[in-house]
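Work through the exercises below with the sequence and the model at hand. Each task is followed by a solution in steps.

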Amino acid sequence: MASTARVRGKDDPQGSLTSAEAILTVDGLSTTFKTHDGPVPAVRDVSFELRRGEFLGLVGESGCGKSTVLMSILRLLPENADMSAGSLDFDGSDLLGLSDEAIRRLRGRRISLIPQRPMSSLSPVATIERQLKWYLQRDGARNAQELTEAIESMLERVGLRAATERLSGYPYQFSGGQLQRMLIAIAALVGEPDVLMADEPTTTLDVTVQAQVLSLLMEARERLGLSVIIVTHDLGVIAQTCDRVAVMYGGRLVEMADVNTLFHEPRHPYTIALLDSLPSRHRRGEPLTSITGSAIGSNLLDGCPFAPRCPSVMDRCRTEVPERQTVSDTVVRCHLYSEAPDG
């Protein structure tokens with residue numbers, strides 16, 4: 001598989017993608033959960049594309065629908081979920097039209113997931129060696145010697161050479177950082193997928209281990225030509241790793257831009273507020289800025305979900321959903337950038 005990784009240089013410190021071809025296109029994705037209190041829309045009309053070799057960040061507060069987007073694409077939703085979309089195109093195939101068996105063949109092979117909370121993602125009653133063998137055997141039958149060598153090679157590639165002596169141990173005997181590396185090894189190296197989805201891969205990890213995990217993900221992208229979607233609420237992770245960023249709020253994608261544009265020329269009031277809330281060495285001694293109010297469920301508003309907290313709110317924001325606008329290569333959903341209504 002040819003790599004389309006970023007090319008870094010003195011005059012291009014963030015790098016540029018050598019290919020703009022989309023491997024995954026999400027068009028009009030909506031997901032609603034049926035509850036005793038009625039339907040709860042978790043994701044509303046989300047559209048974006050993931051390019052080959054790209055690192056795409058999906059950022060927003062907890063509960064905004066980021067993880068649900070990933071689970072919807074993979075069709076790993078619970079029975080009380082209803083999902084619809086114009087299309088979910090993966091490398092020329094519509095994921096919506098695939099049979100259950102066909103989508104299972106894609107998962108873990110061509111599209112892989114690094115789930116949240118590594119401790120709860122591995123079985124507590126099976127040894128690490130046994131669980132790694134399960135995944136490797138899915139990728140093709142091997143004899144015992146080949147499996148052992150494959151496991152040792154896989155763990156060595158993610159910096160866990162010493163862990164090969166402890167494979168008879170159970171997950172609770174390993175640190176969170178070690179388990180997260182194992183999940184990265186499983187997701188990125190078993191089957192060598194085209195798309196890797198990382199759901200909050202650095203949550204609960206200390207800063208040093210976070211840096212190691214992010215470095216592993218970036219190395220895997222560079223070496224294998226992976227396309228990566230990373231879900232996080234940490235803008236520092238976004239700045240360090242991503243080519244482009246999609247910002248979600250209340251189940252909707254409110255802004256999408258390349259990482260440099262988003263950090264230097266944010267458009268949506270929510271994105272601006274997020275960036276203003278970050279500590280800065282340029283504002284030492286000043287009080288930290290916070291976003292007033294609290295996050296609101298996506299089912300509680302017919303208009304813009306950020307309207308109750310927005311400093312630039314207008315009357316139409318409370319009743320009309322903003323359409324997608326393109327402003328200097330940034331896609332944004334905000335009435336500030338739309339023409340005034342007639343009359």
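This is a predicted model: local features need pLDDT of at least 70, side-chain atom pairs count only at pLDDT 80 or more; totals for chains, interfaces and linings use all residues.

Residues are numbered from 1 along each chain as its sequence is written, and side-chain values use heavy atoms, with hydrogens and water left out.

**Exercise 1.** Compare the span of helix α6 with the expected one.

Solution. Helices (H or I, at least four residues) and strands (E, at least two) are DSSP runs, numbered from the N terminus. Helix α6 covers residues 176–189, which is 14 residues. After the helix comes Gly 191, with a positive phi near 85°.

**Exercise 2.** Find out why α6 is largely enclosed.

Solution. Buried means under 20% relative accessible area, exposed over 50%, partly exposed in between (1.4 Å probe, protein chains only). Twelve of the 14 residues of α6 are buried, so the rest of the structure largely encloses this helix. Among them are Gly 177, Arg 181 and Leu 189.

**Exercise 3.** Determine how β3 pairs with β4, β7 and β6.

Solution. Two strands pair if DSSP finds at least two bridges between them. Strand β3 (22–35) runs antiparallel to β4 (38–51), with ten bridges; two residues separate them in a hairpin. Thr 32 faces Pro 41 in β4. Four bridges join β3 to antiparallel β7 (87–90), where Leu 24 stands opposite Phe 90. With β6 (81–84), β3 also pairs antiparallel over four bridges, and Phe 33 is opposite Ala 81.

Methods: The expected span of a helix is 1.5 Å times one less than its number of residues.
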